[in-house]
Amino acid sequence: MPRIVETIVTTTDAAGTPHIAPLGLIEDGDGWIIAPFKPSRTLDNLTANPYAVASHTGDVRVIAGCVTGRRNWPTVPADIVNGVRLRDTVSHWELAVERVTDDAQRPRFHCKIVHTASHAVWSGYNRAEAAVLELAVLSTRLAMLPPEKIDAELKYLEIAISKTAGPRELEAWGWLMDRVNAFRSGDADAARKK
Ligand SMILES: Cc1cc2nc3c(=O)[nH]c(=O)nc-3n(C[C@H](O)[C@H](O)[C@H](O)COP(=O)(O)O)c2cc1C
């Protein structure tokens, strides 16, 4: 299996309007693959404007926020490509699409890094950040998983939250749990919010 880096990907449409989404970048030699499912704004944008920016942030509220309808995170223009990056990010990569492998469900945009920059000092591993990341992924797959699997995952992830979370991780966890609870109570609209 290739290594995958979970990051915040910003893309722009033909009019220059940015879109922000958490996506996994798949390592591919010197390059990285962005694989958005059909249909998605990220897919449409990459087709219209073949550049992307990956912002590596330690603030997991951005990831949790994007999958719970909170996408309004501050951005600034990218350094060299046509797009934006997160304003508050440890580092970012600017990517240019070199070729596309089409697929009925999940086309693959093969990208090369054309620019990187660092903006802050990385502050180390935190188990609660990893737990929020896992719950964010889980929250996008609720309808595909058996309820007992969801319960078991939550029970495990809650250990890291209770032992190691700070205010940012607690806030992010709360947003995601609202989505999980909406799904459990049958509120399909709230549970689908992304
Ligand atoms: C950590 C994480 C990684 C994700 N990776 C992918 C991915 O590689 N491809 C994808 O289509 N969606 C991925 N998702 C789900 C997307 O973020 C979500 O569906 C998103 O809204 C994409 O649709 P959009 O471009 O229309 O916003 C991921 C979600 C999370 C939380």
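These notebook entries record what I looked up in a predicted model of a protein with a ligand.

**Entry 1. Ligand shell**

I began with the surroundings of the ligand. I found 19 residues around it, and the closest are His19, Pro22, Phe37, Arg41 and Thr42. I then sorted this shell by class, which gave 10 nonpolar, four polar and five charged residues.

I next listed polar atom pairs between protein and ligand. Threonine 42 places an N or O atom of its side chain 2.6 Å from an oxygen atom of the ligand. For arginine 41, the atom concerned is a polar backbone atom, and it lies 2.8 Å from a ligand oxygen. Glycine 24 also uses its backbone: an N or O atom there is 3.2 Å from a nitrogen atom of the ligand. I then looked up the cover over the ligand. On its own the ligand has 620 Å² of accessible area, and the protein covers 88% of that.

**Entry 2. Elements and domains at the ligand**

Which elements give two or more residues to the shell around the ligand? I noted strand 2 (18-28), helix 1 (41-48) and helix 3 (127-139). Strand 2 gives the most, with four residues. I also checked the domains. The ligand lies between domain 1 (4-118) and domain 2 (127-192), because both give residues to its shell.

**Entry 3. Largest nonpolar core**

I turned to the largest nonpolar core, which has 29 residues. Within this core, Val132, Leu135 and Trp173 touch the most other members. The elements that supply two or more residues to the core are helix 2 (60-66), helix 3, helix 4 (147-164) and helix 5 (167-184). Domain 1 and domain 2 each contribute at least three residues to this core.

I looked up two residues in strands. Threonine 10 sits in strand 1 (residues 4-12). Is threonine 10 buried or exposed? Its relative accessibility is 4%, so I recorded threonine 10 as buried, the cut-off being under 20%. A polar atom of the threonine 10 side chain lies 2.5 Å from the backbone oxygen of valine 84.

Leucine 25 belongs to strand 2, the element that gives four residues to the ligand shell. With 0% relative accessibility, leucine 25 counts as buried. I also took a distance between C-alpha atoms: leucine 25 and valine 9 are 16 residues apart along the chain, and 8.9 Å separates them.

The peptide bond that joins lysine 38 and proline 39 is cis, with omega about -15°. I flagged this bond because most peptide bonds are trans.

Serine 40 is found in this loop as well. At 17% relative accessibility, serine 40 counts as buried. What does the side chain of serine 40 reach at 2.9 Å? I found the backbone oxygen of phenylalanine 37 at that distance. A polar atom of the serine 40 side chain is also 3.2 Å from the backbone nitrogen of leucine 43. Finally, I compared serine 40 with glutamate 6: they are 34 residues apart in sequence, and their C-alpha atoms are 17 Å apart in space.

Key:
Residues numbered from 1 in each chain as written. Predicted model: local features only at pLDDT ≥ 70, side-chain atom pairs only at ≥ 80, totals over all residues. Heavy atoms only, no water. Near = heavy atom within 4 Å. Polar contact = N/O pair within 3.5 Å; in protein donor to acceptor, adjacent residues only side chain to side chain. Areas by Shrake-Rupley, 256 points an atom, 1.4 Å probe, with all protein chains shown as cover. Nonpolar A, V, L, I, M, F, W, Y, C, P; charged D, E, K, R; others polar. Domains from an automatic or database assignment. Core = buried A, V, L, I, M, F, W, Y, C linked by side-chain atoms within 4.5 Å. Buried < 20%, exposed > 50% of the residue type's maximum accessible area, 1.4 Å probe, protein only.
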